[in-house]
Amino acid sequence: MPPLRWDIFCTVIDNFGDIGVTWRLARQLAAEHAAEVTLWVDDLASFARIAPALDASLPEQILGDIRVRHWRQPFGSDFAVADVVIEAFACELPEPYQQAMAARAKKPVWLNLEYLSAEDWVAGCHRMASPHPRLPLTKYFFFPGFDEHSGGLLCEGGLLAARDAWQADRAAQDAYWQARGVPPCPAGGLRLSLFAYDTPAAAQWAATLAAGTAPVQLLVPQGRVLPDVLAGIGIQQPARPGDRFQHGALEVCVLPMTDQDGYDRLLWSCDLNIVRGEDSFVRAQWAGRPFIWHIYRQDEDAHLEKLDAFLQRYLAALPTASATAIRDFHQGWNRDALAPDAWPRLLATLPAWQPHARRWPQQQLAHGDLATNLVQFAKKQLQ
């Protein structure tokens with residue numbers, strides 16, 4: 001079978017999560033599966049923050065091996081339908097594009113790439129067919145997930161080997177920090193990263209870290225949670241990348257936004273990471289380091305059920321006391337208020353948590369990675 005042409009449609013809702021996932025998927029499809037990929041994106045400005053080579057003013061451009069097109073209204077007619085069409089995270093394909101798909105003698109494979117979830121109901125919905133109510137088309141729902149009844153997780157071939165090489169290369173890490181103006185972490189201290197939504201829990205946590213006895217270096221990319229962190233240590237002034245603030249045992253280092261490869265290296269280099277959304281959530285797992293997930297808030301606290309479903313899987317192999325402390329910190333953070341002892345209890349879990357975090361990625365890859373599973377499914381449908 002010749003290389004497949006793929007069109008991926010993405011609307012940017014969560015600033016970086018939606019485009020982060022689709023951009024990684026597009027890159028992997030092109031690099032590892034010889035796919036010809038066009039990525040349609042409605043918000044190029046947000047995209048450019050994680051892909052600095054992108055020119056947000058251009059309606060169409062080539063970025064690496066990927067064709068990037070600005071998804072605008074009206075959609076127009078300057079397009080050719082691909083062999084495989086993905087609408088990411090339930091975005092709705094433009095009506096002209098749907099009509100063009102229906103007009104093809106050999107219909108494309110139409111996939112709705114859903115949000116990642118560990119909930120039990122995913123198994124019954126993964127790969128489910130949904131006939132179009134008006135057109136001779138069928139859409140299939142494809143769910144990322146954590147077991148053989150799902151589509152798996154995005155992970156490039158060789159990623160874990162690259163992570164291991166990086167974590168063993170002290171000189172490369174030192175150069176990485178020096179280039180970002182981050183001083184060496186004090187002896188016996190912890191280096192933590194924080195990429196989260198705004199929450200009062202961040203201010204509370206920063207105050208706790210500052211009042212501690214062990215030094216902590218907290219790395220915070222410029223973004224929504226930074227004012228909360230600074231407020232927790234009594235700083236109201238605006239901060240810029242390169243700024244550093246010392247308060248008690250805590251040093252806060254403000255980092256610039258980075259591309260995806262740079263963010264991976266940040267996660268690989270820290271003792272614990274707090275991450276948000278979906279893309280950084282998966283990358284924190286591949287880092288093989290302890291992490292806390294700040295999940296995207298949903299109406300009626302539906303996100304807390306999603307969080308619980310993941311934690312039930314992730315914590316199953318840990319001792320009860322460690323699992324409880326990790327779950328309690330997650331719950332407190334995602335409910336905007338940490339218990340006074342939440343951080344000391346979490347610290348006590350690290351000896352058991354660290355080896356568990358190293359084992360977890362290999363367990364997840366036993367079911368294949370998301371891009372490969374998508375390609376195999378698409379080829380089967382096209383036979």
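**Figure 1. Overall fold of the predicted protein chain.** With 383 residues, a compact globule would come in near 21 Å for its radius of gyration, and the protein chain has 22 Å, so the two agree (radius over C-alpha atoms; globule rule 2.2 Å times the number of residues to the power 0.38). The C-alpha trace spans about 70 × 45 × 40 Å along its principal axes. You'll find 15 helices and 14 strands in the protein chain (DSSP runs, H or I of at least four residues for helices, E of at least two for strands, numbered from the N terminus). This is a predicted model, where local features need pLDDT of at least 70 and side-chain atom pairs 80 or more, while totals for chains, interfaces and linings use all residues. Numbering runs from 1 along each chain as its sequence is written, and side-chain values use heavy atoms, with hydrogens and water left out.

**Figure 2. Packing and surface.** Of the 383 residues, 55% count as buried (under 20% relative accessible area, with exposed over 50% and partly exposed in between; 1.4 Å probe, protein chains only). Take contacts (heavy atoms within 4.5 Å) between residues at least 6 apart in sequence: 68% join residues at least 24 apart. The accessible surface comes to about 16200 Å², with 52% of that belonging to carbon and sulfur atoms (Shrake-Rupley method, 1.4 Å probe).

Figure 3. Ala 187 sits in the loop between α6 (170-179) and β9 (190-194). Its relative accessibility is 78%, so Ala 187 counts as exposed. Glu 87 is 100 residues from Ala 187 in sequence and 48 Å from Ala 187 in space, C-alpha to C-alpha.
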